[in-house]
Amino acid sequence: MATKLVKGNTAVVIGALYAGSDCFFGYPITPASEVLHEASRYYPQMGRQFVQAESEEASINMCYGAASAGHRVFTASSGPGISLMQEGISYLAGAELPTVIVDIMRAGPGLGNIGPEQSDYNQVVKGGGHGNYKCIVLAPNCVQEMCDMTMLGFELAEKWRTPAYVLADGVLGQMIEPFTFPEKAVTPKGDNSWAVCGTAETRKNLISSIFLDFTQLEEFNTRLQDKYARIEAEEARCEEQQTEDADIILVAYGISSRIAKTAMDVARKTGLKVGLFRPKTLFPFPKAALQRLASKPVTFVSVEMSNGQLLDDIRLAISCQRPVELVNRLGGNLITLDQVMDKINHIAGK
Amino acid sequence: MSEKVICTKGIYPEFPRKGPSAAPAATHYCPGCGHGVLHKLIGEALADLGLQDQTVMISPVGCAVFAYYYFDAGNIQVAHGRAPAVATGVSRATDKVVIAYQGDGDLASIGLNETLQAANRGEKIAVFFVNNTVYGMTGGQMAPTTLIGEKTITCLNGRDPLTQGYPLHMCELINSLKAPVYVERVAVSDAKNIRNARRAVRKALEIQRDGKGYTFVEVLSPCPTNLGTTSVKNNDFINNEMAKEFPIQNFRDNSATAEHVVRSTSDFSKEKLDAMFELADIPAAIAHNTANFEEAQVKIAGFGGQGVLSLGIMLTQAAQAADMKVSWYPSYGPEQRGGTSNCSVIVSAKPIGSPVVYHPDLLVAMNRPSLERFKNDVKPGGTIMYDANMGDVELPVGVKGVAVPAQALAEEAGSDKAANTIMFGVMLELGITQLPEAAFARALEANFAKKPKLIPLNLAILEFARQWVRKNVK
Ligand SMILES: Cc1ncc(C[n+]2csc(CCOP(=O)(O)OP(=O)(O)O)c2C)c(N)n1
Ligand code: SF4
């Protein structure tokens, strides 16, 4: 086991390299730029392809090209860049192309600032571009998971032939923690049965999202929804801590889940039965696990750096069976421990 | 649109992708349209040059959106204007022959940036650009290439340069760049021009076959449907009016001297990756007793250039050397540009929650603004280390203050850049972080691994700081 100190954004690139990604295309934006920097340093050393694109529209379309040829490709950006990529991501979903997109969220709307926020939730988790599609969304909460989930992202994107996001924030991108390097390196096999690689065996293939016939497009859309339903059934991931006897369950992903975890520990010391539910996948949202928790008379608290975007999904998952409270900060501010404790104490009637 | 048969070499004999059709070998293009002619020329060249098994054809958005119905090669359909970016991705990934086929709205308007940037990078792609002076697919709106005075549905009185600007000359623009290998404008308006176009298409594809770089062929092309004219009159319009604005000529041919551009091949081996990340000689962790370890939350702040972030990194390295849980989180971006920066370090025996320190056990303030900003956040019973050169300071009650002449001591110890190493030594000697001595030395070795000459100096400075503490701090 090789352990080193590594920055979150660097861990993403390490994960991609060990996952056998051979193409990176990206455009600078704080707080995601180190992904671009590290890719520019390491991809060429491994003989792999790196291009600093002219825009995020170009990056995502370069990804579309490399993915069409069956290569493991990825890009990284932050809010404004992810917004620009949405057209391309819709095309990726429509053409069923695997690509990994890393979003190191910053505060918006507009230019906002470069502080951490989780306000890309809706544009990332709900589709974001035009059409009836969704992307797989993985939500790491430490430097180790920045790598591990990037690797998983490549696997799932390929398995389901759909774009996969790693959704993190400025804190996770910028922080350094001890990190254990992957145990194995993947040599991608490349499924050429559908790809267009400029070879004899793929000459017959076509990558496209066009269905002129309304019925055919409806059928395709239905097939996509079936695929998403299977992804929901098979790929939902979450972590639960002390939820069994909990009266109050904090729900949080990414960096907010670590603040929530500290709050849970502090609250438990004062005798309050507080648990933590952390979705590790945001699409698929771990609905079944949350529904199970909602069968008891608990109060949920969404701890998020956005305006209730996560809270909406909690309510949907449990069909509004239980109260869901909100603790949030916006604008680049992190949620503080005191804030979460106040909410917990308020609910507990203290 | 009515249909016309173009069945030829390099083109499928029938077009099932079109869907069920009474005329399975007829295209979707209007009679007299230039797209069909250009398809034929490209298809023929691909077949004659034996390139179909190594070619990826990219269909744009525009009337040629269905180019994939026809070309007997690998096909990719892409978003409006993005063909050069997609082509870049395909080319970099595969190093095969890649063709971007685009109209004037697609290439010169919505996709102008991608067009110029791919050309400027000298991507190994062949761009075929159909200039018919209008947006064909969407009903004949004005294009960047519409001639002055030419009437379209969005310039009913003719293009007026005062409000709509002038025709954009793509060959000329591309020719202003250094990287392109081949730039030529041709037309498909009569037999002689078509023969010339055939030669240019072949040339471009030969350059791709030989992997020499970027080629751009603009094709003046009829769109009788949207020009509201006949095929014959449209061809006259090309020869007499378009060709005046857009001269038919070769702009550049560097194919004789251009060399094959070699792309690297990917190495996926774990050995190479592990070597690149220098995983071979990671020293074993330093054992120490963590039974009573209390989580230590540290904030370090000062001017950029005072080694604030790297002092935080050194502490993080020391913690990691001692196999502790640790996190480092910097202030990032413009805040740094303002001159001050800070970082949070948390050292713990248990998994760390939020990596941001709001109430530090230890504040290291390298300058007065940082001291003033954070001193009231320090936990009761906590410590503030600050540079003694600030002079008199007021500290909150219940907090221990240690004035360290860090800058002066560093200079005395032989380096004016090592005030942070002095602070590091003071931290060690005061025992605030509860980390073993060996971990601090290890941290310095790791921190200066790229400049090994500085290691002995900094180890000496560390020791110097510790002696200063023993003599001066009770
Ligand atoms: C983002 C986006 N905007 C607009 C359109 C609508 N659209 C389809 S084709 C086209 C014009 C294409 O014209 P041109 O590139 O000149 O090709 P031609 O049809 O003349 O061959 C437009 C604007 C689209 N598909 N996507
Ligand atoms: S509208 Fe114009 S460009 Fe489009 S197919 Fe018809 S003639 Fe060709």
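How many residue pairs are in polar contact between domain 1 of chain A and domain 2 of chain A? The count is 18, with both residues of each pair at pLDDT 80 or more. Keep in mind throughout that this is a predicted model.

Let me start with chain A on its own. Domain 1 of chain A brings 34 residues to the contact, and domain 2 of chain A brings 26.

Putting these two domains of chain A together buries about 2,400 Å², and carbon and sulfur atoms account for 53% of that area. On the domain 1 side, the residues that lose the most area to domain 2 of chain A are Gln118(A), Tyr121(A) and Asn141(A), which together make up 29% of what that side buries.

Now the charged pairs. The rule finds four salt bridges across the interface between domain 1 and domain 2 of chain A. As for distances, Lys287(A) and Glu232(A) form a salt bridge in which the closest N and O atoms are 3.3 Å apart. Several elements of chain A supply at least two residues each to the domain 1 side, among them α5 (121–125), β6 (136–138) and α6 (143–160). The element that gives the most to that side is α8(A), with four residues. Sorted by class, the side of domain 1 of chain A that touches domain 2 of chain A has 19 nonpolar, six polar and nine charged residues.

Another salt bridge in chain A joins Glu145(A) and Arg278(A), at 2.8 Å from N to O. Glu145(A) sits in helix α6 of chain A and Arg278(A) in strand β12, residues 274–279, of chain A, so the pair links distant parts of the chain, 133 residues apart. Over all chains, the structure holds 44 salt bridges.

Next, the interface between the chains. Here 75 residues of chain A are in contact with 70 residues of chain B. The buried area between chain A and chain B is about 5,800 Å², with 62% of it from carbon and sulfur atoms.

For polar contacts between chain A and chain B, the count is 25 residue pairs, both residues at pLDDT 80 or more. Helix α3 of chain A, residues 56–68, gives the most to the side that touches chain B, with eight residues. By class, that side of chain A has 40 nonpolar, 22 polar and 13 charged residues.

There is also strand pairing between the chains. Strand β9 of chain A, residues 206–207, pairs with strand β2 of chain B, residues 74–77, in the parallel sense over two bridges. Within that pairing, Leu206(A) has Asn75(B) in β2(B) as its bridge partner.

Last, chain B. Chain B is divided into domain 1, residues 16–253, and domain 2, residues 279–472. The C-alpha centres of these two domains of chain B lie 62 Å apart.

Methods: Residues numbered from 1 in each chain as written. Chains lettered and ligands numbered in written order. Predicted model: local features only at pLDDT ≥ 70, side-chain atom pairs only at ≥ 80, totals over all residues. Heavy atoms only, no water. Contact = heavy atoms within 4.5 Å. Buried area = accessible area lost by both parts, 1.4 Å probe. Salt bridge = Lys/Arg side-chain N within 4 Å of Asp/Glu carboxyl O. Polar contact = N/O pair within 3.5 Å; in protein donor to acceptor, adjacent residues only side chain to side chain. Nonpolar A, V, L, I, M, F, W, Y, C, P; charged D, E, K, R; others polar. Pairing = 2+ DSSP bridges. Domains from an automatic or database assignment.
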